[in-house]
Amino acid sequence: MSRQVVETPCKVNLHLGIHHEKDDRGYHRVDSVMVPVALCDTVVVSDAPELEVVHTPALEVAPEKTTVWRAATLLAEALGERPEVRVEVTARIPEKAGLGGSSADAGAVLRALCERWGVSVCDERVVAVARRVGADVAFFLDPRPGLYLGAGDVLERTFPEFSMPVVLVMPAVGGVSTKEAYDEFDRAGEDPASYEVVCEALAAGDVAAMAANLFNNLAPAACHLCGDVWVVSEWLACQDGAIASMVTGSGACSFAICESGDAAERIAEAAREHHGWRAWAAVAGGAE
């Protein structure tokens with residue numbers, strides 16, 4: 001098998017509930033309802049004498065420090081294989097956004113290597129590797145709407161795919177460190193609401209109910225750490241055609257569920273042209 005190409009979406013959290021309790025790894029207990037969004041990175045895996053990882057645009061860290069390198073080496077070790085591949089990542093998902101970019105890339109590499117080595121992505125060894133690499137990586141093994149519990153890395157249930165126009169908006173520069181967001185949550189975070197209502201909405205394909213029940217108790221920490229996140233979030237909530245909005249993950253990106261694709265495009269253009277923010281219109285839900 002000489003070459004594989006994987007287009008991996010990003011994600012938004014319709015519900016993110018962080019609990020103060022932690023597991024024996026030191027990870028917070030997390031209730032995470034995620035859906036894929038068609039803003040994608042491209043990951044190409046091809047034959048090579050030894051493992052090589054290349055990112056475009058280039059990252060500031062060495063290849064050996066990336067989630068992609070860690071995913072490939074850990075999976076090879078778990079399966080008794082040799083990671084003799086070159087991995088090329090073309091990144092479009094912004095970093096420090098709460099969109100799962102590095103996790104998406106790691107998940108895409110795991111998917112490609114599973115195909116290459118004849119293993120199911122549902123194999124418990126693969127899932128265990130995904131959980132070791134990062135909390136969101138398990139979602140990107142099979143990115144479709146789902147409820148993840150544990151540390152946000154244990155699949156509890158999946159939901160039917162659907163199509164929902166969204167707009168993603170974040171400040172022009174910078175982002176929010178996940179670690180800093182959790183540290184701020186530990187200092188002042190509130191207990192989470194239940195995820196059950198938004199799960200019922202997903203099960204029914206009821207976009208209006210999804211919009212009415214968006215939740216993220218990590219959002220105040222993101223807004224505290226980066227005032228521009230709050231500015232973007234407040235602006236987005238007031239836009240014509242935006243049904244509801246919320247910060248995703250630990251920030252710095254906010255998203256809005258929109259009345260139409262045209263509304264999402266219009267809001268994204270306004271964010272870029274009038275404020276200089278980064279913005280994308282996209283489709284969430286996983287349906288083609």
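**Salt bridges: a briefing**

Arg82 counts as exposed, because its relative accessibility is 61% and the cut-off for exposed is over 50%. The structure is a predicted model. The count of salt bridges in this model comes to 14. Side chains of opposite charge can pair when their charged atoms come close.

**Arg82 and Glu84**
- The side chain of Arg82 meets that of Glu84 in a salt bridge, with an N to O distance of 2.9 Å.
- Glu84 has a relative accessibility of 36% and is therefore partly exposed, since that value lies between the 20% and 50% cut-offs.

**Asp142 and Arg144**
- A salt bridge joins the side chains of Asp142 and Arg144, at 2.8 Å from N to O.
- Asp142 is partly exposed, at 35% relative accessible area.
- Arg144 is partly exposed too, at 33% relative accessible area.

**Lys179 and Asp183 in helix α4**
- Lys179 and Asp183 form a salt bridge in which the closest N and O atoms are 2.8 Å apart.
- Both residues belong to helix α4, which covers residues 178-188.
- Lys179 and Asp183 lie 4 residues apart in this helix, so about one helical turn separates them.
- Lys179 is exposed, with 59% relative accessible area, whereas Asp183, at 41% relative accessibility, is partly exposed.

**A linked group**
- Salt bridges also link Asp23, Arg25, Arg131 and Asp153 into a network.

Technical notes
Residues numbered from 1 in each chain as written. Predicted model: local features only at pLDDT ≥ 70, side-chain atom pairs only at ≥ 80, totals over all residues. Heavy atoms only, no water. Salt bridge = Lys/Arg side-chain N within 4 Å of Asp/Glu carboxyl O. Buried < 20%, exposed > 50% of the residue type's maximum accessible area, 1.4 Å probe, protein only. Helix = DSSP H or I, 4+ residues; strand = E, 2+ residues; numbered from the N terminus.
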